[in-house]
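Please look over the sequence and the model below, and keep both at hand while reading.

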Amino acid sequence: MHPWERDARMIKESLIKGPKWYGVIIEIACTRSSEELLGARKAYHSLFDRSIEEDVAHRVTDVNRNLLVALVSSYRYQGPKVHAETAKAEAKILANAIKSSGNELEKNAEVLRILTTRSKASLQAIFKHYKELYGKNIEEDLNQDDLILRDTIGSLGYPHIYFSKVLDKALNVKADEYTKDALTRVVVTRADIDMKGINEEYQKLYGISLSQKIEEITRGSYKEFLLTLVARGN
């Protein structure tokens, strides 16, 4: 499939399967370029006679609705320019929100504004300032069970680390269907984008190359398929 159609169909399937699969929507909304996400939205219109925003708003009924709708609607600045003082100020805003909002961080208007409108370069600067100011990564201050917010921050701020962790979980022989599905999804969608960076980060995190791990865990033609795509990306 064309990447836009593929992303549109994955979002549709995730909405049908339910909350456990919303991480796929986060992944697409946060790791695609503005043009790629816009293309997926156009493809969704053509395929399903509805908008992604409309379906997300209709099907997501928990506290994550506003965050998910805003993420799939986003059209971020893609350039490298970052206003350092603004990034530092917004790191403090996030820290205050984490302290004051408790388990309802997804409802905080300032958190939603920053995560869904700032460029990825700005967000990476914000997260860097957060660590400098408070001595830890922002994810360490989030609730462990707040998976949607953790995935959002990880995929926006540290995509190669995010994808490496997703792949490692998928390569666990005891992984469930949702977790295993990520192996094909990530390798296929990132092979021509940033597989080299993901492979390098995977090696740093786990002391083994992604190709070696795939060799150990998978079998047959599926293994060859994955290895071919990983090699092509490198």
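Threonine 152 touches Ile26, Cys30, Leu67, Leu71 and Leu115, leaving out residues up to four places away in sequence, where touching, or contact, means heavy atoms within 4.5 Å. This is a predicted model, in which local features need pLDDT of at least 70 and side-chain atom pairs count only at pLDDT 80 or more, while totals for chains, interfaces and linings use all residues. Residues are numbered from 1 along each chain as its sequence is written, and side-chain values use heavy atoms, with hydrogens and water left out. Threonine 152 lies in helix H9, helices (H or I, at least four residues) being DSSP runs numbered from the N terminus. With a relative accessible area of 0%, threonine 152 is buried; buried here means under 20% relative accessible area, exposed over 50% and partly exposed in between, for a 1.4 Å probe and protein chains only. The C-alpha atom of threonine 152 is separated by 23 Å from that of glutamine 203, a residue 51 residues apart from it along the chain.

Two packed helices are described by the angle between their axes and the distance between the axes. Helix H2 (residues 22-31) and helix H9 (residues 147-157) pack at an angle of about 25°, with their axes 9 Å apart, the axes being lines fitted to C-alpha atoms, for helices over the stretch in contact, and the angles running from 0 to 180 degrees between N-to-C directions. That angle makes H2 roughly parallel to H9, because angles under 35 degrees count as roughly parallel, over 145 as roughly antiparallel, 65 to 115 as roughly perpendicular and the rest as oblique.

How many of the residues of H2 are buried? H2 is mostly covered, with 10 of its 10 residues buried, and valine 24 is one of them. Valine 24 has a relative accessible area of 2% and touches Met10, Ser14, Tyr178 and Arg185, not counting residues up to four places away in sequence. The C-alpha atoms of valine 24 and serine 14 are separated by 6.7 Å, the two being 10 residues apart along the chain.

H2 is also among the elements that cover the buried residues of H10, and these include H9, helix H11 (177-190), helix H12 (195-206) and helix H13 (210-217) as well. The buried residues in H10 are Tyr162, Phe163, Ser164, Val166, Leu167 and Ala170. Serine 164 has a relative accessible area of 0% and, leaving aside its neighbours within four places in sequence, is in contact with Ile198, Glu201, Tyr202, Leu205 and Tyr206.

Technical notes:
Helices (H or I, at least four residues) and strands (E, at least two) are DSSP runs, numbered from the N terminus.
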